[in-house]
Amino acid sequence: MTVVVVGAGLAGLRVAEVLRDAGYAGPLTVIGGESYPPYDRPPLSKEVLRGTRSAADIRLRDDEALGDLGVRLRLGTAAAGLDPERRQVLLADGEAVDFDRLVIATGVEPRSLSALRGMPGAHSLRTLDDCLGLRHSLHSARRVLVIGAGLIGCEVSASLRAEGRAVCLVEQQSAPLAAVFGDKVGELVARWHRDEGVDLRCGVGVAAAVGTPFGTRVTLTDGSEVEADVVVTGIGSTPATGWLQGSGVELGDGVLCDERGRTSLPDVWAVGDVAAWQSQGRRRRVEHWTNAGVQARAVARDMMGLPAEAAAVPYFWSDQYGLRIQAYGDFSADGDISVVEEDGRRFLATVVEDGVLAGVVGAGMAGKVARLRRTVGQAPR
């Protein structure tokens with residue numbers, strides 16, 4: 001049996017590791033479009049952007065560990081197509097890689113704004129090269145416009161304020177992270193940014209942008225203008241599935257899978273940000289670091305004929321201004337989010353759906369978050 005994993009990020013590496021741990025000793029190839037060996041993405045918007053960690057510091061495994069894993073890494077050439085009849089992954093350089101079993105772990109691509117395409121000083125942040133390019137542009141920059149106050153936009157803003165740069169953060173919704181946690185928690189996060197000197201503007205988007213001799217002038221939908229040396233866009237992402245068009249893999253918002261990551265094609269699984277797994281009666285993608293590892297373990301065990309493990313409570317985090325937001329459980333628009341405790345900086349909030357504690361989120365209250373985590377899925381007391 002020959003196993004091929006397309007995607008050399010966290011999810012792809014974890015699949016390889018769990019397969020080896022489960023006793024698979026056959027040929028194992030991991031294909032990555034980037035030229036770097038597997039690395040950790042969360043530090044890109046924080047330590048790497050600030051220059052306190054290097055590319056070498058964020059590698060998930062060093063050369064010795066990768067050698068011990070016995071994986072053939074094919075880096076720097078992206079997958080361009082899939083031929084399920086010949087059981088081949090077609091690469092952008094024209095080569096074809098044979099497989100018996102395939103795991104799709106190609107992740108996502110950042111969305112862009114048409115008004116900023118091709119504009120000097122405009123950046124997105126997804127890859128290590130994105131981060132290094134942004135860092136280079138920041139060498140002489142004092143004024144930065146960040147568009148989108150999701151996790152990436154908030155973390156980038158916090159990192160740049162820590163360096164003393166002037167930051168304007170623009171968000172179409174009513175508050176930062178409102179799409180994830182709702183307005184109540186979003187307003188608490190907004191307070192952090194304003195207290196740290198961020199020019200936070202919510203409820204507005206980008207109408208137009210023009211280059212100037214000194215940078216970029218962006219016109220917002222309320223008619224106001226922002227002058228910036230550098231613009232960073234963090235408005236979400238789309239699953240990287242273009243290479244799968246016409247392959248027979250069922251696509252929607254990502255690669256559609258069952259509850260164990262199996263796709264519509266036999267012997268083909270999908271994991272991580274690109275994968276929309278069946279869960280609680282619907283298929284959805286979850287773009288969080290811990291989810292990639294959980295799904296990778298499930299897929300590797302399924303491939304080896306091992307039983308499924310108990311589902312873990314979803315978890316993700318975000319570091320901003322010396323505080324860590326920790327979130328456990330499921331946060332959806334149908335839930336009732338309540339702030340249980342807050343002191344002007346730290347906070348604790350819960351989300352209840354259909355009479356059940358669906359999730360808990362806190363900042364600076366790790367102990368209380370941990371205690372409530374154990375009751376997720378139960379009726380709140």
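Guide: In β26, phenylalanine 347 is the bridge partner of glutamate 342. The model is predicted, so local features need pLDDT of at least 70 and side-chain atom pairs count only at pLDDT 80 or more, while totals for chains, interfaces and linings use all residues. Residues are numbered from 1 along each chain as its sequence is written, and side-chain values use heavy atoms, with hydrogens and water left out.

Visitor: What makes β25 and β26 a pair?

Guide: Two strands pair if DSSP finds at least two bridges between them. β25 and strand β26 (residues 347-353) have 6 bridges, in the antiparallel sense, so the pair meets that definition. A strand is a DSSP run of E of at least two residues, and a helix one of H or I of at least four, each numbered from the N terminus.

Visitor: In which order do the strands of this open sheet lie?

Guide: The order of the 5 strands is β23-β24-β27-β26-β25, with antiparallel pairing.

Visitor: Why are β23 and β25 said to stand at the edges?

Guide: Each of β23 (315-320) and β25 (336-342) has a single partner strand, so one side of each is left without a neighbour in the sheet. Neighbouring strands here are turned by 15 degrees against each other on average, direction ignored; the axes are lines fitted to C-alpha atoms, for helices over the stretch in contact, and angles run from 0 to 180 degrees between N-to-C directions.

Visitor: Why is glutamine 172 called exposed?

Guide: Exposed means over 50% relative accessible area, buried under 20%, and partly exposed in between, with a 1.4 Å probe and protein chains only. Glutamine 172 has a relative accessible area of 62% and is therefore exposed. This residue is found in the loop between β11 (166-171) and α6 (178-195).

Visitor: Which residues does glutamine 172 touch, not counting those up to four places away in sequence?

Guide: Glutamine 172 touches Gly203, Val204 and Gly205. Contact means heavy atoms within 4.5 Å.

Visitor: What makes a group of residues a nonpolar core?

Guide: Such a core is a set of buried Ala, Val, Leu, Ile, Met, Phe, Trp, Tyr and Cys residues joined through side-chain atoms within 4.5 Å. The largest has 48 residues, of which Leu82, Val89, Leu102 and Ile104 touch the most other members. Helix α1 (residues 10-21) gives the most to this core, with 7 residues. Apart from it lies another core, of 44 residues, among them Val189, Phe331, Phe347 and Ala363.
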